[in-house]
Structure formats: C-alpha cells, structure tokens
Amino acid sequence: MIHKLATVTQKLSPNLLKIISNTAWLFADKILRMGIGLLVGVWVARYLGPKDFGIFNYAIAFTAIFNTVANLGLDSIVIRNIVRQPSCKDEVLGTAFVLKMIAQVAVMVLAIIVIVVLRPNDTLSHWLVGIIIAGMFFESFNVIEFWFQSQVQSKYAVSFKNVGFVLASCGRVLLLQMKAPLILFAWVYSAEMVLSAAGLLIAYRFKGYLLKAWRFSFRSCKELLKDSWTLILSSFVIMIYMRMDQLMLGQMIGDSAVGIYSAAVKISELWYFVPMAITNSVFPSIVK
C-alpha cells in the first residue's frame with residue numbers, strides 16, 4: 001500500500017510542480033500588468049479628464065461586448081481537444097483561428113453599425129469604436145496562447161506578450177508627454193493587441209512550431225461550434241453584466257459619469273486574475 005502511494009506521489013509531483021510554476025508565471029504577468037497598468041492608467045485618467053476618459057472607456061466597454069461573441073467561447077474547448085488529441089493540434093488550432101477571424105470581421109461591421117445607430121452625431125465615438133474593434137481582430141492569434149495553456153507552458157506566452165504590453169505602456173507615456181489627443185490613445189490601445197499577437201507568433205516559432213502547418217477542417221469546425229455555442233451565450237451574458245453599467249451611464253447620464261465610474265471599476269476588478277490564473281493552470285490536468 002505504501003509502495004503504491006509512493007508511486008502515485010512520484011507521478012503527481014512533477015505535474016504539481018508544473019502547475020505551480022505555470023500559476024506563478026500567470027500571477028507574475030498579472031502583477032506586472034496591474035502595477036504598470038494602474039500607474040499609467042491613473043496618469044492617463046488625470047490627463048484626459050472625466051469626459052474624455054469616459055468616452056474612451058465607453059468605447060472599450062462597447063467593443064468588449066461584441067468581442068466576446070467573436071471569441072466564440074472556444075478557449076476551454078480548444079484546450080480540451082488538444083489535451084485529449086495532441087496529434088490533432090494543427091487541425092484544431094487552424095480551424096479555431098479561421099473561425100475567430102471570420103467572427104471578428106462580422107463583429108467589426110456589426111459594432112460600427114450599432115454605434116452609429118446609438119450615437120448618430122458622435123463622430124469621436126465612431127472613430128474610437130472603429131479603431132479599437134479593428135485592433136481586436138488580432139485577438140484571433142490568441143489560439144496560440146491556448147496551445148501554451150494546454151501544455152501548461154504559459155511562461156512563453158506571458159514573456160513575449162509582456163514585451164508588447166511594456167512597449168504600449170511606454171507609448172502611452174510618450175503621448176502624455178506630447179499632450180496628444182484622445183484618438184491617439186485608441187491607436188495605442190489597438191497597437192498593444194497587434195504587439196501581443198506578434199509576441200505570440202514569435203513565442204510559437206521559438207518553440208519550433210510553424211503556422212503554415214495549421215489546417216482548416218469542416219469536421220473540426222462543426223465539432224467546435226457544437227460544443228461552444230452554449231459558452232458563447234454564457235460569455236455574452238457575463239460580459240453584458242460586467243459592462244452594461246458603463247454603457248447605460250454613457251447613454252443616460254453622460255460620458256463624464258462613465259469616466260468617474262470606470263476609474264473605480266478598474267480598481268475593484270484588479271483581483272479577478274487570481275481564480276483565472278489557477279483555473280488556467282489546473283484545467284489541462286483535470287481534462288487528462
């Protein structure tokens with residue numbers, strides 16, 4: 001009996017250490033982003049003032065709701081399928097990537113139409129939503145991060161993505177020093193997503209994998225959408241719950257109210273990363 005327990009412990013220990021290490025990397029990533037993000041974010045909020053900061057956060061909240069649909073609830077499904085069938089990695093990643101790109105394009109068009117209907121005379125909001133939603137198109141490359149999560153190797157994705165985050169933060173500081181207009185902050189927001197996508201591509205190549213090996217499969221497409229449609233609905237409802245308050249304030253009271261409210265919300269949401277980091281690290285082992 002003791003021998004059997006020792007054998008099980010020996011098998012679990014490497015996996016447990018891997019999970020702890022992965023969780024530590026995710027914690028470090030969020031702590032870095034919290035520290036720099038809070039410092040630069042407060043600076044940006046003070047510079048823009050309640051009204052412009054409110055318009056900016058209104059556009060971010062608005063696009064986030066649409067972007068949730070574009071993600072298609074594929075995160076956990078893709079990770080699960082790769083863990084269960086490692087040999088189908090390229091097929092699953094390729095199919096998920098194509099699905100997310102198609103969804104992102106559809107959502108971009110829909111978001112621009114809806115913001116024009118909601119705020120027909122607010123040209124600035126139109127531009128902000130258009131620029132931010134265009135940057136979110138590059139979140140299609142997040143399927144690479146799903147691969148690293150399935151292998152409990154988030155440190156590679158974290159390391160390379162943080163380079164883009166630091167560069168974007170430096171860009172915001174530069175804009176503050178230049179006393180730049182609000183529209184340029186939206187461009188930097190989109191540039192951060194482009195840099196994150198580039199970081200993931202470099203990390204994937206660094207590990208010796210190639211995007212050209214990915215392939216689209218109609219069979220995998222049907223399987224992914226069949227499994228994820230309930231998660232799309234769930235994610236959409238959660239995002240409405242998380243962001244609808246900012247949209248309602250913008251429509252009913254004004255952008256200044258959104259700016260003040262958003263500053264408080266950002267502080268209250270700082271600790272959401274803790275359960276997410278643990279879940280992302282443990283999930284592949286649970287699937288196995």
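Of the 288 residues in this chain, 45% count as buried, where buried means under 20% relative accessible area, exposed means over 50%, and partly exposed lies in between, with a 1.4 Å probe and protein chains only. This is a predicted model, in which local features need pLDDT of at least 70 and side-chain atom pairs count only at pLDDT 80 or more, while totals for chains, interfaces and linings use all residues. Residues are numbered from 1 along each chain as its sequence is written, and side-chain values use heavy atoms, with hydrogens and water left out.

The chain exposes about 15,100 Å², and carbon and sulfur atoms supply 71% of that area. Accessible areas come from the Shrake-Rupley method with a 1.4 Å probe, and for residues only the protein chains shown count as cover.

Now the elements. There are 10 helices and zero strands; helices are DSSP runs of H or I with at least four residues, strands are runs of E with at least two, and both are numbered from the N terminus. Contact means heavy atoms within 4.5 Å. Of the contacts in the chain with a separation of 6 or more, 87% are between residues 24 or more positions apart.

The axes of α4, residues 123–135, and α7, residues 182–206, come within 8 Å and cross at roughly 15 degrees. That makes α4 roughly parallel to α7, a term for angles under 35 degrees. Axes here are lines fitted to C-alpha atoms, for helices over the stretch in contact, with angles from 0 to 180 degrees between N-to-C directions.

Which residues of α4 meet α7? They are L124, W127, L128, I131, I132 and G135, and on the α7 side they meet L182, I183, A186, W187, Y189, S190 and M193.

Helix α2, residues 75–84, has seven of its 10 residues buried, so it is largely enclosed by the rest of the structure. Among the buried residues of α2 are R80 and N81.

K179 sits in the loop between α6 and α7, and is exposed at a relative accessible area of 62%. Its phi is near 55 degrees, a positive value in a residue other than glycine.

C221 belongs to helix α8, residues 218–252. Is C221 buried or exposed? C221 is buried, with a relative accessible area of 12%. Not counting residues up to four places away in sequence, C221 touches T95, L99 and F216.

Conventions. Parallel < 35°, antiparallel > 145°, perpendicular 65-115°, else oblique.
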